[in-house]
Every structure is written in C-alpha cells, then in structure tokens.
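Dear colleague,

Please find below the structure that I am handing over to you, with its sequence. My findings follow directly after it.

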Amino acid sequence: MLDKEKEIITKIYKSIEESEDFAELSTIINRDGNIFYDKGNKYLLRISSNKTEEREYREYTKELIKKVFNIQPKSYPRKGKNATELAIHNREIVEGLIAKGFKPGDKIKNQVSVLEFIKKKENFRIRGIKGLFDTDGSIYLRNTQKSIGLNFKNKSLPLVKDFKEMCESLEIKTQKIPKPKITHDHRYGKDYKCHQVTIENKLYVAKFLDKIKPEKLYNHAKVIGMALLTLQ
C-alpha cells in the first residue's frame with residue numbers, strides 16, 4: 001500500500017468516532033450487515049431485516065446510521081425474499097469500516113467478532129450487547145419456572161464468546177456455551193454450526209433487561225407480558 005493511500009485510510013479510520021452509537025451499530029452490522037468491497041468498483045454496506053416483522057427496528061437502525069455516518073441509507077425490498085435492505089454505497093464509509101476491523105465477504109467463513117474498541121469501556125459494551133441481542137437474541141418462556149429466559153445464537157463462535165464475556169464483565173452470569181447444533185439455512189440451502197449462550201437465572205435476566213434495555217423487549221412487551229400472565 002502506498003504512503004498516500006495509507007494516509008487516506010487513516011483519515012477515514014479516525015473520521016468514524018468510537019461512540020456508543022457506533023458500538024451498537026457495529027454489532028448490528030456483525031449480524032445483519034454485509035460489506036462488499038471491490039477496490040475502485042464496489043463499495044457497499046448492506047443491512048437486512050425482515051420486511052414485515054421488523055419495521056420498527058428497521059427505522060431504529062436507520063436513525064442509528066444517520067447519527068453515526070451522517071447519511072440517509074437507501075431502502076429497498078430484496079427480490080424474492082421477505083426482506084428489506086438498508087444500503088449505503090459510499091467508499092469512505094466502507095473503507096473506514098474495514099480500517100476499523102470489519103472484514104468484507106462471508107461472515108460465517110470469517111468467523112467475525114466484536115470490534116476491540118467496544119470491549120474497552122462499559123458504556124460501549126452495554127450498547128454492543130444491545131446490538132447483538134436485538135438482531136440475534138430471543139426472549140423465551142420457561143414454563144416450569146414461570147419465568148423468561150434469554151438466548152443469543154450465532155454461526156460465529158467468537159461472536160457468541162464476545163457476548164458471554166461482555167455480559168459477565170457487567171456481572172450478568174450466563175450458562176456455559178454448549179456444543180453447536182447443526183441448523184439448515186433455507187436462504188442458502190446449506191447446513192451450518194450454530195452456537196448459543198443463554199441467561200436463565202431470574203436475577204440475571206432482570207439485570208440484563210434493566211441494564212441493556214433491548215429494543216426487542218419494548219417491541220414485544222405486550223406479547224411477553226400476556227404470556228407470563230398465563231403462567232401465573
């Protein structure tokens with residue numbers, strides 16, 4: 001790489017501020033995003049969401065993008081899929097993300113992990129966990145205990161380990177990561193190893209929801225509340 005090119009990349013790197021908003025957005029990209037990079041030809045950041053079930057969260061993500069990058073993403077339906085794409089065609093943003101540590105291409109093959117800056121501050125870790133949980137987390141009912149549990153699944157083991165490590169740094173204890181399960185992804189017609197970690201203790205579930213405040217909780221609060229009432 002030429003010195004001039006290094007200087008340009010360094011400027012782009014520094015222009016993306018290491019903030020709480022970027023910490024959350026970066027973990028959303030870890031799960032729902034893809035970076036396409038072909039120097040001189042293609043610079044694309046794309047974030048996918050369920051067309052019908054994630055409208056509110058898609059709007060939330062759009063606002064985060066505007067805060068972090070000061071740009072309005074384009075929105076369009078994905079052909080043949082029940083999905084909507086948020087897209088940014090911008091060289092500076094794509095190269096800046098790569099300079100920060102993102103890898104373009106297949107996230108499963110790359111076994112992506114959380115950007116290192118997120119782990120350095122508690123407020124960054126909180127927002128990083130929020131981004132991960134809102135995209136790949138779930139809230140489920142535990143009938144025998146008449147309570148709810150929390151689960152985070154991903155095809156990248158480093159990302160699941162990061163989630164566990166960051167939770168426990170906030171004194172939110174998680175269960176051990178079990179052996180991966182083989183799941184079939186109908187989108188690509190392939191089988192993948194899926195890793196997961198859960199939070200089951202009532203005190204730690206309550207602490208997680210209070211400290212992280214996931215959008216998923218607010219968007220589904222009525223459904224969760226009604227389900228819990230049926231267990232009483």
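Gly131 is buried, with a relative accessible area of 0%; buried here means under 20% relative accessible area, exposed over 50%, and partly exposed in between (1.4 Å probe, protein chains only). The residue belongs to helix α6, where helices (H or I, at least four residues) and strands (E, at least two) are DSSP runs numbered from the N terminus. Not counting residues up to four places away in sequence, Gly131 touches Glu24, Thr27, Ile28 and Tyr57, a contact being heavy atoms within 4.5 Å. Its C-alpha atom is separated by 9.5 Å from that of Ile212, 81 residues apart along the chain.

Two remarks on the source are needed before the rest. This is a predicted model, in which local features need pLDDT of at least 70 and side-chain atom pairs count only at pLDDT 80 or more, whereas totals for chains, interfaces and linings use all residues. Residues are numbered from 1 along each chain as its sequence is written, and side-chain values use heavy atoms, with hydrogens and water left out.

Overall composition

The protein chain has 10 helices and 8 strands. Of its 232 residues, 46% are buried. Among contacts in the chain with a separation of 6 or more, 67% are between residues 24 or more positions apart.

Leaving aside neighbours within four places in sequence, Phe124 is in contact with Glu18, Ser19, Glu20, Ala23, Phe117 and Ile118. The C-alpha atoms of Phe124 and Glu20 are separated by 5.2 Å, although these residues lie 104 residues apart along the chain.

Helix α3 (residues 55–69) meets helix α6 (residues 122–136), their axes coming within 12 Å and crossing at roughly 145°. The axes are lines fitted to C-alpha atoms, for helices over the stretch in contact, with angles from 0 to 180 degrees between N-to-C directions. On the α3 side the contact is made by Tyr57, Tyr60 and Leu64, and on the α6 side by Arg127, Lys130, Gly131, Asp134 and Thr135. These residues divide into 3 nonpolar, 2 polar and 3 charged; Ala, Val, Leu, Ile, Met, Phe, Trp, Tyr, Cys and Pro count as nonpolar, Asp, Glu, Lys and Arg as charged, and the others, Gly among them, as polar.

The nonpolar core

The largest nonpolar core has 49 residues, and those with the most contacts inside it are Phe69, Leu97, Phe163 and Phe208. Domain 1 (19–105) and domain 2 (117–230) both give residues to this core, so it lies between them. Such a core is a set of buried Ala, Val, Leu, Ile, Met, Phe, Trp, Tyr and Cys residues joined through side-chain atoms within 4.5 Å, and the domain bounds come from an automatic or database domain assignment. With neighbours within four places in sequence left aside, Leu97 is in contact with Ile16, Phe22, Ile29, Ile35, Leu45, Phe69 and Phe102.

Backbone points to inspect

Most residues other than glycine have a negative phi. Glu171, in the loop between α7 (157–169) and β7 (181–185), has a positive phi near 60° and is exposed, with a relative accessible area of 57%. Lys213 likewise has a positive phi, of about 50°; this residue lies in the loop between α8 (202–212) and α9 (215–219) and is partly exposed at 39% relative accessibility.

Yours sincerely
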